[in-house]
Amino acid sequence: MFFKKVAMASAMAIAAGTAYADCSISGRVNVVGNEFPAIQAVGAAAQECTGGEVKLNLTADHQKVNVAGMTGNPAEYTSAIIANSSIVALMNEDVIRPLDDLVAQYGQGLKKNQLITIDGKVMAVAFMANAQHLVYRADILEQAGVEVPTTYEELLAAAKVIKEKGLMENPVGGPFKAGWNLAQEFNNMYIGHGGEFFKTGTPEVSINNEKGIATLEMMKALSEYMNPDFLTHDSNATNAEYRAGNVALMHMWGSRAATMTAAEGVSDEVKNGFAIAGPLTVAGGDTPATTLWWDGWTVSKNISDEDAAATFQALTHAIRPEMLNDETSSLAVWLIDGYEPTEAAKGVFAAANSGSVPYPMLPYQGLLHSALGTELADFMQGKEDAATALADVEAAYTAAAKEKGFLQ
Amino acid sequence: MKHKTFFWFILPTALAMLLFIALPIVSVITQSLFTPHEQVFKTVENCTPFKCTQSTTIDQEATEALREAQPLGRFVGLSIYLDRGHLAFGEVAQAWQSRDGFGDFFNKIGNLPFYRAMAFTLSYTFVVTPLLIILGFMIAVAVNSLHRHLKGLVIFFSLLPMIVSPLIGSLVLFWMVDSRGVLGTGLQWLLSNPDLSLKASTGLTWIMLMVYGVWHSAPFAFVVFYAGLQTLPKDTLESAMIDGATRWQQIRYVVIPHLMPLVTFVALIQLMDNFRVFEPIVGFNAEAHAQSLSWFIFNDLGGETRLLSSASASSVLTILGVAILLSPVLIRTWRDFNSKG
């Protein structure tokens, strides 16, 4: 009797499952995108579609291949999964199509705030949000007798106490690797100081000012409490430092919060002490020193309308509310209908609710990001002063922007 | 060989070289002389999950016409070569005029990416190349004097650094020299300095990269020299022994002169390879301390906004650099060839 019930229940569940997973397409789908668990879940859901082949190329090097793979006609990739920084490269090269018609035809289930509109046209469909925020060791802060910091100044004070009490040698962590990560930390801190990257409405850079210098001084002060190898530490490496119990206060990506201590060999102390807080402010400012991010998908311009429709249908299917289950819910802060925030999402929500600004979607922001990544390392090593470093960044950006035709 | 036979013999090679070497170089040179069109901007409203904002974007319709008219982009001549990311003549001239002694001048030059990269690349090339030749030679002589049962095994292990792909090899070493890794901790203990970090110091990072370079390339020199040792003239060596030459004297006066042409060959290849040093910089995450022209190309193409013209200019500069570096050796070989002829 019991067996019968179970069998019936599972049969019904399977039937229900296939009913939900019903997605038939007639066309070619080939998606290129970044590689982290949330995107892998979306890709796997897109592959449930039948009637056409759904190919995936999910790799950390997606930005090196997506523009090239979408430039030809017909394009190799029918879709690229991107974020607010990387959609700019696709917009600059004009390789993605407006989705308004497809949204009207197949996208009834999408929420208004999922549609990324540029100049009144829907150019991408977002499915998750992300932001950097503080994660910390509650047990260490308690031992040190300090409150959970809400500003970077408090964080420095807390780090000082932890170090002086001998609890940890390098209590502060963060992705400070020379290159993209270091530049992103500068962006965060500069926004926190209320800085503007460009002269209003122009591609002329203006970061060599008091706010820029204060930003660098704060980053330097933080690095004094970091592992001396901090310029080689990206998110993976800082995450490992945290897992090893070497770090008590860390600026980290929300998308990593759920798996922060989920690895073999992480001690119970680290696991139980793990806690999430919102982003920090700096220098008495109101805007948190962080940026808001969304991840979403686009559809190529240089493909047939059938392939575009198939791609849109498959990816809409991939982010339907039913794709959320116990396993996928904690992977990201989903923008999908019916998403219930998990404990791991606290930091990203705090960032969104405390007035954080999105990463700027300017055509030339990427060039400034690259220039920051290469030119700030000298300052962080103490080889030059802040003003020289910022002047170097401006000069490097200006040379690149002239080459790209952004500046005359 | 008759001219006609020679022509048909060389034709496939010549065609392949034209297709896969000459044409790409021509294309790279062309690319380095052109840049994208001036971008036309417009202000639009962007709406994201967070909020709607006014933002600048590229006016694709306006740029479309420009692209149609000149698909290659704007012709800019050598200006990419001369900009701050490359030869930076303007900045060098300014540094010279506003100099406060030579130290200050070199400081300012060292702050320009191209010259900083050159400083590392040339030091790397001129330290690593001689060391790897010496080390390769020593291994070759040592292995050659081993018992024949042992030789196979030792040769296999000596070749391992070259068999392991450079990126993997450098990553393995990178983790070992981490301040929490085996070698890193070992060094800290050895020098009783718990704060020692190879990765945080420019000087130590350079040394680490050079040691890696020697470790990785020595097997190549070893294989070449070992092959050369098999053709050693036995009678010369035996007469040297009869004359009472010590082992060192045999090596100095018989073995080394015999291997000299091979040394030139290894030096040529390794100068070229070492000038293009790239994988260890990526593998050791050393870009904060050491950069090379190859790394610049990678960086220009890997950013969110790709700089094709800049990458092409760096490629052409690399080719020129290799040509300059090899010219003394090539001229010498040419002279030797002529004097023999």
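This is a predicted model: local features need pLDDT of at least 70, side-chain atom pairs count only at pLDDT 80 or more; totals for chains, interfaces and linings use all residues.
Which residues have the most contacts inside the largest nonpolar core? Residues are numbered from 1 along each chain as its sequence is written, while chains are lettered from A and ligands numbered from 1 in the order in which they are written.

**View 1. The largest nonpolar core.** Ala46(A), Leu90(A), Leu249(A) and Leu376(A) have the most contacts inside this core of 181 residues. Strand β5 (residues 121–137) of chain A gives the most to the core, with 12 residues. A nonpolar core here is a set of buried Ala, Val, Leu, Ile, Met, Phe, Trp, Tyr and Cys residues joined through C-beta atoms within 7 Å. Buried residues have 20 or more other C-beta atoms within 10 Å of their own, with C-beta atoms placed from the backbone. Helices (H or I, at least four residues) and strands (E, at least two) are DSSP runs, numbered from the N terminus.

**View 2. Around Leu376(A).** Leaving aside residues up to four places away in sequence, Leu376(A) touches Leu182(A), Ala183(A), Phe186(A), Ala389(A) and Val393(A). Two residues are in contact if their C-beta atoms, placed from the backbone, lie within 7 Å.

**View 3. Chain A as a whole.** Chain A has 17 helices and 11 strands, and 54% of its 408 residues count as buried. The C-alpha atoms of chain A fill a box of roughly 70 × 65 × 30 Å along the principal axes. Among contacts in chain A between residues at least 6 apart in sequence, 75% join residues at least 24 apart.

**View 4. Where chain A meets chain B.** Chain A brings 52 residues to the contact and chain B brings 40 residues. On the side of chain A that touches chain B, α17(A) gives the largest share, six residues. That side divides into 25 nonpolar, 19 polar and eight charged residues; Ala, Val, Leu, Ile, Met, Phe, Trp, Tyr, Cys and Pro count as nonpolar, Asp, Glu, Lys and Arg as charged, and the others, Gly among them, as polar.

**View 5. Strands paired between the chains.** Here β4(A) and strand β2 (residues 41–47) of chain B run antiparallel, joined by two bridges. Strands pair if DSSP finds at least two bridges between them. Look for Ile118(A), which stands opposite Asn46(B) in β2(B).

Note on methods
A residue is buried if 20 or more other C-beta atoms lie within 10 Å of its own, exposed if 12 or fewer, and partly exposed in between; C-beta atoms are placed from the backbone.
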